[in-house]
Amino acid sequence: MPVTRPELSPFDRGLLQGVVRGEARLSPEQSLELLREMPLAELGFWADERCRSVHGDAIRTYVIDRNINYTNVCTAKCTFCAFRRDEGDSDAYVLPVERILQKVQELVDIGGTQILMQGGMHPGLPLSWYEELLGAIRARFPQVHVHAFSPPEFIEFVRFFDPPGATLRDKLLHVMTRLRDAGLHSVPGGGGEIFAPAVRRKIGLGKCTGEEWLTVMHVAHQLGMNTSATMMFGHIEGLADRVHHMEQVRAWQDRAIADFGRDGGGRCMAFISWPFQRENTPLGRAKAWGEGAGDDLSQPFPGDVVATLDGMGTKDSHPEFGRRVRMSGSTDYLRTQALSRLHLDNVWSIGSSWVTMGPLVGQAGLRHGANDMGSVMMEENVVSSAGTTHCLNEAEICRLIRDAGFVPAQRDNRYDLLKVHDGADSPDLRVTDWSQHRPRRLHVEAPRETKPIALTVGANDH
Ligand code: SF4
């Protein structure tokens with residue numbers, strides 16, 4: 001276990017060299033100071049050094065998977081979301097199981113290995129629907145890894161299905177065991193946003209708490225499933241909220257390793273962070289700090305006044321908290337990603353978020369602590385609903401990785417390498433005319449193919 005040296009300045013070279021080697025651990029206070037004060041070039045340098053220490057100098061990875069958003073009906077009303085619909089809305093949908101299987105087939109046809117399947121949190125779907133869906137995928141595509149249902153969905157499953165158990169943890173164990181046994185392999189880290197309650201209460205209306213989110217992942221680890229963690233920043237939060245969020249991920253990863261590490265338990269494999277996308281969202285209509293009547297830019301941003309490293313900040317600390325946003329650009333994104341590499345010493349992979357930031361910033365992320373470019377994505381509906389439209393194919397991702405100075409390699413969900421593209425037949429090296437490769441819109445579900453389906457809800461579905 002790396003040691004913490006809180007008495008040292010975070011700019012101390014010896015401390016940072018220790019972090020690079022995995023011998024020293026940053027305290028939350030040190031990380032906050034780095035996030036606030038260290039120039040981007042230096043922060044990027046140390047994050048790159050740490051990444052090279054963990055992953056070597058040669059290879060950086062990507063995965064071929066497909067996002068499948070099986071429903072857009074959702075009981076929550078997150079203010080940053082442009083995707084959700086109420087049951088009964090004309091464009092509300094639940095994908096029929098056959099349509100989902102067809103999507104998986106299309107993924108397999110292009111060499112994909114994994115689906116990332118998430119809702120909406122639909123109150124009308126019984127537990128048996130999920131079990132049958134997972135069973136159907138496993139029967140037809142036993143080779144495909146199913147990475148599905150984020151922690152907020154599991155918390156709602158407990159509410160919807162009322163499974164047996166005296167505690168939340170017991171109930172989660174019941175539901176997650178059934179879904180694991182039906183064919184669920186791992187749990188994605190969606191819905192992390194920002195864990196600090198003051199922020200979460202403002203932006204994640206009807207969504208689980210940070211503590212509940214972390215509990216779901218701890219149960220997943222107990223059941224031997226790997227997970228990932230996410231953070232969405234660049235809205236109403238303060239910088240200390242970002243560090244508190246990372247600290248929670250690190251602390252619960254320590255717990256998972258201590259509690260289940262010897263018994264084949266799972267762990268958090270990856271951390272991916274991205275800035276809030278404002279288009280079409282209620283939160284996106286909030287004024288930027290400095291644009292509101294009476295805003296004084298010489299004063300701190302309201303989120304920074306409220307945020308504390310223990311996550312206990314209260315909204316009453318600033319009258320404009322939650323009403324002003326501080327959007328994140330490329331520099332802030334790279335700074336935050338670089339810090340995540342340095343702070344999260346026990347998380348294997350740091351993902352670069354090109355879907356939200358665009359290909360070139362995503363590529364720059366590979367020199368700011370990220371080892372992975374994420375997914376060649378056939379489909380994405382949630383961030384595309386909020387206006388993000390970047391889309392890359394395999395050759396383009398490989399070229400971005402190679403141009404950043406690395407050999408691209410396709411990986412699976414466990415981060416094992418499937419194909420190392422070091423030969424002339426690599427997807428990017430086969431391209432003779434790059435003018436044919438232009439950014440495209442991400443696929444968005446056409447309402448025609450996603451009509452609501454009739455659901456029969458059994459009486460004994462838990
Ligand atoms: S972000 Fe997810 S949980 Fe929140 S409203 Fe949208 S679909 Fe629902």
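What is the mean pLDDT of the chain, and what share of its residues reach 70 or more?

1. The chain averages a pLDDT of 91, with 91% of its residues at 70 or more.

2. One stretch to flag is residues 441–462, where pLDDT stays under 50. The model still gives that stretch 37 contacts beyond four places in sequence. Where pLDDT is low, predicted coordinates should not be read in detail.

3. On to the ligand. Its surroundings are made up of C74, A76, K77, C78, C81, F83, R84, G120, M121, P152 and K207. By class, that shell comes to seven nonpolar residues, three charged and one polar.

4. Next, the strands. β5 (residues 114–118) runs parallel to β6 (residues 145–148), and four bridges pair the two. Within this pairing, I115 sits opposite V146 of β6.

5. Last, a helix pair. α1 (residues 13–21) packs against α3 (residues 40–55) at about 35 degrees, and their axes are 8 Å apart. From α1, the contact uses L16, V19, V20 and R21; α3 brings W46, E49, R50 and S53. Sorted by class, the α1–α3 contact holds four nonpolar residues, three charged and one polar.

Definitions and conventions:
Residues numbered from 1 in each chain as written. Predicted model: local features only at pLDDT ≥ 70, side-chain atom pairs only at ≥ 80, totals over all residues. Near = placed C-beta within 6 Å. Nonpolar A, V, L, I, M, F, W, Y, C, P; charged D, E, K, R; others polar. pLDDT = per-residue confidence, 0-100. Contact = placed C-beta atoms within 7 Å. Pairing = 2+ DSSP bridges. Axes fitted to C-alpha atoms, helices over the stretch in contact; angles between N-to-C directions.
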